[in-house]
Amino acid sequence: MSGIERLAERVGQYDSEGLLSITLAIPDHLRDALWRIESARLRPLEVSAAMVCGMGGSAIGGDLAAAAIGDRLTKPLLTVRGYELPSWSPPATAVLCSSYSGNTEETLACYAAAEAVGAQRVVATTGGELAEAARRDGVPVIGLPAGMPPRAAVAYMFCAAAELAALGDAAPRIHTEIDAAAEHLQRRADDLGAKAIDLAEQIGDAVPVIYGADLTTPVAYRWKTQVNENGKLPAFSSPLPEATHNEIAGWEGAQGRFACVLLEDSDQHPRERRRSEITGELIERHASAVIRVEAEAETRAARILELVMLGDLLSLALAAQAGTDPAPIEAIDGVKARLGDPS
Ligand code: F6R
């Protein structure tokens with residue numbers, strides 16, 4: 001049986017909204033995103049900084065795009081999670097307001113705040129109030145396909161954020177890299193399915209603590225949030241080298257309740273690599289497992305996207321292991337309902 005078939009067998013009975021097939025369609029999402037971006041006919045923006053405003057699944061694309069671009073970035077590219085832009089935001093800022101539903105109150109507040117500072121706005125959404133406001137204000141919209149949980153639209157948000165950087169002349173356009181990444185992911189899907197099952201078995205019922213460094217830092221956070229949302233399980237992430245200056249001490253009291261996942265990278269700083277290895281060695285006797293993971297792809301974008309897809313599949317495998325439907329997120333909906341947020 002192939003990796004995907006084995007994963008489908010485990011996930012199938014719980015997967016009420018077909019999250020496994022949506023996740024496996026990430027390569028198609030990437031190609032479709034590039035097409036939608038081209039169709040939006042966005043104009044270059046004369047700016048000194050770029051910001052991606054969004055929350056949760058609609059924000060992570062900003063962090064992932066900045067990591068994929070890496071040191072090709074020539075101007076700040078920030079992800080803003082909250083109600084306000086930084087106090088120092090210059091008027092010459094490119095702001096991408098990214099909200100899958102188009103109704104997230106924090107993102108709507110940033111949309112208004114961006115107008116107030118005179119920023120140049122772009123919107124990525126399926127509709128909602130954000131699309132309405134953009135239409136009213138003549139702000140260009142990258143239209144996204146409806147019908148999936150916002151967190152599953154990560155490929156679209158990644159591409160939109162990378163495009164913002166290119167439009168603002170903060171980075172070269174990485175369309176070719178993204179296209180090649182889509183092909184790579186398609187080829188690797190079966191291996192990633194098998195790997196996800198293996199990782200889920202190694203983690204078992206321990207709480208995963210996921211470490212990233214540089215390029216893999218936002219990926220570690222994505223893994224954490226996907227385990228939280230799809231698995232309805234606790235998970236934590238932390239960046240290296242910082243964690244070797246504090247968090248590592250806490251493992252002494254871990255008593256085998258946590259599994260350590262180290263997301264490494266073929267091109268990482270040699271001292272970061274060494275810190276990751278040492279972390280694994282020192283934690284070993286306190287953790288239920290120490291798992292080291294590295295992408296196989298060549299380019300930064302492809303390595304990031306490969307790890308994102310693997311983490312998404314892992315979260316589904318963990319959900320199945322826990323007998324949980326990955327789709328509903330009652331806790332998140334509950335907070336929004338209590339706040340009267342329609343998204
Ligand atoms: C839901 C999810 C959440 C949302 C967040 C913002 O699948 O992942 O993190 O992304 O609540 O909502 P949107 O994306 O609609 O702006």
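Colleague: Glu272 is buried yet has no salt bridge; which side chain of opposite charge is nearest?

Modeller: This is a predicted model, so take the distances as computed. Glu272 sits in helix α11, residues 270-283. A salt bridge needs a nitrogen of Lys or Arg within 4 Å of a carboxyl oxygen. For Glu272 the nearest side chain of opposite charge is 7.9 Å away, and it is Arg275.

Colleague: Leaving aside neighbours within four places in sequence, what is Glu272 in contact with?

Modeller: Glu272 belongs to helix α11. It is buried. Its contacts, with those neighbours set aside, are Ala213, Asp214 and Pro241.

Colleague: Is strand β3 largely enclosed or left open by the rest of the structure?

Modeller: Check both faces of β3. On one side Thr93, Val95, Cys97 and Ser99 are buried, and on the other Ala94, Leu96 and Ser98 are buried. That makes 7 of the 7 residues in 93-99, so β3 is largely enclosed.

Colleague: In which order do the 5 strands of the open sheet stand?

Modeller: β1 and β2 pair over 4 bridges. β1 joins β3 through 5 bridges, and β3 joins β4 through 6 bridges. The pairing is parallel, and the order is β2-β1-β3-β4-β5.

Colleague: Which strands stand at the edges of the sheet?

Modeller: An edge strand here has a single partner strand, so one side of it is left without a neighbour in the sheet.

Colleague: Which residue in β4 is the bridge partner of Ala94?

Modeller: β3 and β4 run parallel, and β4 spans residues 120-125. The bridge partner of Ala94 there is Gln120.

Colleague: What is the hand of the β-α-β crossover from β3 to β4?

Modeller: β3 and β4 run parallel. Between them the chain passes through helix α5, residues 105-117. The crossover is right-handed.

Colleague: What angle does the direction of α5 make with that of β3?

Modeller: In the sheet, β1 and β2 pair in the parallel sense. α5 packs on the sheet and touches β1, β2, β3 and β4. Its direction and that of β3 make an angle of about 160°.

Colleague: How far apart in sequence are the parts that Arg292 and Glu277 tie together?

Modeller: Arg292 and Glu277 form a salt bridge, with the closest N and O atoms 3.7 Å apart. Arg292 lies in strand β9 (residues 289-294) and Glu277 in helix α11, so the pair ties together parts at a separation of 15 residues.

Colleague: What separates Arg31 and Asp28 in helix α3?

Modeller: Their side chains meet in a salt bridge at 3.3 Å, N to O. Arg31 is partly exposed at 29% relative accessible area, and Asp28 is partly exposed at 39%. The two are 3 residues apart in helix α3, so the separation is about one helical turn.

Colleague: Does Arg136 count as buried or exposed?

Modeller: Its side chain meets that of Asp137 in a salt bridge at 2.9 Å, N to O. Asp137 is partly exposed, with a relative accessible area of 28%. Exposed means over 50%. Arg136 has 63% relative accessibility, so it counts as exposed.

Colleague: Which residues do salt bridges that share partners join into one network?

Modeller: The structure holds 20 salt bridges. One of them links Asp137 and Arg136. The network consists of Glu115, Arg121, Arg136 and Asp137.

Key:
Residues are numbered from 1 along each chain as its sequence is written. This is a predicted model: local features need pLDDT of at least 70, side-chain atom pairs count only at pLDDT 80 or more; totals for chains, interfaces and linings use all residues. Side-chain values use heavy atoms; hydrogens and water are left out. Buried means under 20% relative accessible area, exposed over 50%, partly exposed in between (1.4 Å probe, protein chains only). Two strands pair if DSSP finds at least two bridges between them. A crossover is right-handed if, with the strands pointing away from the viewer, the path from the first strand over the helix to the second runs clockwise. Contact means heavy atoms within 4.5 Å. Axes are lines fitted to C-alpha atoms, for helices over the stretch in contact, and angles run from 0 to 180 degrees between N-to-C directions. Lys and Arg count as positive and Asp and Glu as negative; His and the chain ends are not counted.
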